[in-house]
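Subject: Handover of a structure and its findings

Dear colleague,

Please find the structure below, handed over for your use. My notes on what was found in it follow directly after.

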Amino acid sequence: MGFEFIDAPEMAEDAPSTEMTNTDLAINLARAIGQGLTFGFADEAEGFARSVLGDESYQEARDSARAGLEQFREEMPVAAYGAEIVGSIPSAVVGGAGLTAARLTGKIPQAAALGAAYGSGAAEEVSDVPKSAAGGAVLGAGFQKIAPVVTEPARKLLDRGIPLTLGQATGGGIKRFEEAVSSIPLAGDVIRSARTRASEAFNTEVINEVLKPLGQSIPKGKIGTEAFELANEAIAKQYEKVIPKIGVDFNATADSLVSKFANQLRPEELKALKRIVVNELTGRVSNGKLTGQAFKDAQSAIRQKAYNFSTSQSAYEKELGSALNDISFEITNSLSKTSPNLARELAKADEAYSKLVPVRRAVVKAEKDEGVFTPSQLSTSIAQEAKRQQSKLALGQVPLQDLSRAGRATLPSVLPDSGTATRGIVANALMSGAGGATFGMPLESALIGGGLSALYTRPAQAFLREAVPAAGRVMRQPATAGLLAQQIPSLTSSAQAGQIDTPLRLSSGAIPVQEIYTNPQGRKYAITEQGATLLGE
């Protein structure tokens, strides 16, 4: 390689103006968005269009577009890269749908394919495409794997106002790290307190879901046994408001009710059905009316017996349970015909009560924790109460089941409560100070604890729950992988080139090089104190 010494002013004449006008800004903004929409091929498309419609060659027009875009990135990097990444969102959606149609499924394989496509489009020359596409694929798959995102179960809880910590909201490595750090003094207390707030808010939200049919809720901060008692009292008041007003004409006899099932039941089941109807229903009728508490007692008793028979292993008893359910419906229907408003109010109380039953089981299970139940305890209780709703249980359609599943997937720890290797390693690493000493330094430990404590205040966690997943969404865009893939060769080249102050040996002696400049025509200059030296063959 030969050297030609020239003055700096000559180089400056070749260099383009660094000022960007408003028109240039608008054009370059459109170019950045276009890059995102076309997987990085907008500069090539512009070069082709200008070469067809104007006097420029394809390469000149393409390089001009690239120079403008590069200037935009240097002067306004946030706007330039932000516009390109946002512009890539629609193309990523369309591209993902296309890959799914082509039977390439799975988020990571699709992210790799889209990253490779963007890496190809962002490559400078055709010869750069293989390396750029490979880099985009690796980065796309990697970011899809590690980028934090609010999980679907966590989103359900956040939408209900439950203040999850960042780790609970995103899961994965952040959640494991959060739990490991909880072993550190001071910081650990604050983290555990934040996680406890979420668990207690879950309890409150479950009770509020129970009371939802009544249009009621309990005061914030009420949890466990106290919250259950408030809900039980609210439901009881609803019954007390409705039941005294009930007065239903009920003239059906036991024989007329039972005869409907003569072809469905065997003689012994028919006999058992008539006995139940007499004892629990017609025996409560007074002067042709089923009123007040008698109505409610009859309804509750027949529903309970219907449930018991329906969960039996005997096919005949299941038929008997089905018949009792039909009779229970007739009781309710008689009220709906007579007093539809009362029927609706009673139905609200019944719905709330049916939701309260599994919660009562969960509160009893959590007696040692003052009734503050876990999502797992609630899920178990729901399953125990839904014996005759196995299909709904399997589909997740039993009341409170969706909420309990979200809590079970989000709130519990993924690390054991006992001192594990992970907890010990993280705690020791954070507390041992910048010098990496075996024993922690008190001042550094206090600073670390204080800093982590600040991150787990309510405002800080609210901010992080929005900011961190937003950064994750940026990481998962194909444009991010494709653009970063272009930096891999540059970083490698810079490492191979060495320091920029490596002396350039000219006839006048060794002169330190301050930087290497490449003009739009591709000519490279070594900048020294004496001016610029053209590097040429």
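Leaving out residues up to four places away in sequence, N203 touches I223, G224, G371, V372 and F373, where contact means heavy atoms within 4.5 Å. N203 belongs to helix α11, residues 187–211; helices (H or I, at least four residues) and strands (E, at least two) are DSSP runs, numbered from the N terminus. With a relative accessible area of 1%, N203 is buried, a term that stands for under 20% relative accessible area, with exposed over 50% and partly exposed in between (1.4 Å probe, protein chains only).

Please note that this is a predicted model, in which local features need pLDDT of at least 70 and side-chain atom pairs count only at pLDDT 80 or more, while totals for chains, interfaces and linings use all residues. Residues are numbered from 1 along each chain as its sequence is written, and side-chain values use heavy atoms, with hydrogens and water left out.

The chain as a whole

The secondary structure of the protein chain comes to 24 helices and 8 strands. The chain has 537 residues, of which 42% count as buried. Of the contacts between residues at least 6 apart in sequence, 63% join residues at least 24 apart. The chain exposes about 28800 Å², and carbon and sulfur atoms supply 57% of that area; accessible areas come from the Shrake-Rupley method with a 1.4 Å probe, and for residues only the protein chains shown count as cover.

Further buried residues

Q299 lies in helix α15, residues 292–310, and counts as buried at 1% relative accessibility. Its side chain is joined to that of T332 by a polar contact of 2.9 Å. A polar contact is a pair of N or O atoms within 3.5 Å; within protein, one must be able to donate a hydrogen and the other to accept it, and residues adjacent in sequence count only if both atoms are side-chain atoms. Not counting residues up to four places away in sequence, Q299 touches I331, T332, L346 and D350.

L281 is placed in the loop between α14 (267–280) and β3 (289–291). L281 counts as buried, at 0% relative accessibility. Neighbours within four places in sequence aside, L281 is in contact with F250, L257, I276, L290, A298, I302, I327 and I331. L281 and F250 are 31 residues apart in sequence, and their C-alpha atoms are 9.7 Å apart in space.

A65 is found in helix α4, residues 58–75, and is buried, with a relative accessible area of 2%. Residues up to four places away in sequence not counted, A65 touches R31, E46 and R50. Between A65 and A42 there are 9.0 Å in space, C-alpha to C-alpha, and the two are 23 residues apart in sequence.

Two helix pairs

Two packed helices are described by the angle between their axes and the distance between the axes. Here axes are lines fitted to C-alpha atoms, for helices over the stretch in contact, and angles run from 0 to 180 degrees between N-to-C directions.

Helix α2 (residues 22–37) and helix α5 (residues 77–101) have axes that come within 6 Å and cross at roughly 35°. On the α2 side the contact is made by L29, A32, I33, Q35, G36 and L37, and on the α5 side by A80, A83, E84, G87, S88, P90 and S91. These residues divide into 7 nonpolar, 5 polar and 1 charged, where Ala, Val, Leu, Ile, Met, Phe, Trp, Tyr, Cys and Pro count as nonpolar, Asp, Glu, Lys and Arg as charged, and the others, Gly among them, as polar.

Helix α18 (residues 375–385) and helix α20 (residues 401–410) pack at an angle of about 145°, their axes 8 Å apart. P375, S376, L378, S379 and I382 in α18 meet Q401, S404, R405, G407 and R408 in α20. By class, this contact has 3 nonpolar, 5 polar and 2 charged residues.

Backbone points to note

Most residues other than glycine have a negative phi. F39, although not a glycine, has a positive phi of about 60°. F39 lies in the loop between α2 and α3 (42–53) and is buried, with a relative accessible area of 15%. L400 is likewise not a glycine and has a positive phi of about 75°. The loop between α19 (390–395) and α20 holds L400, which is buried at a relative accessible area of 7%.

With kind regards
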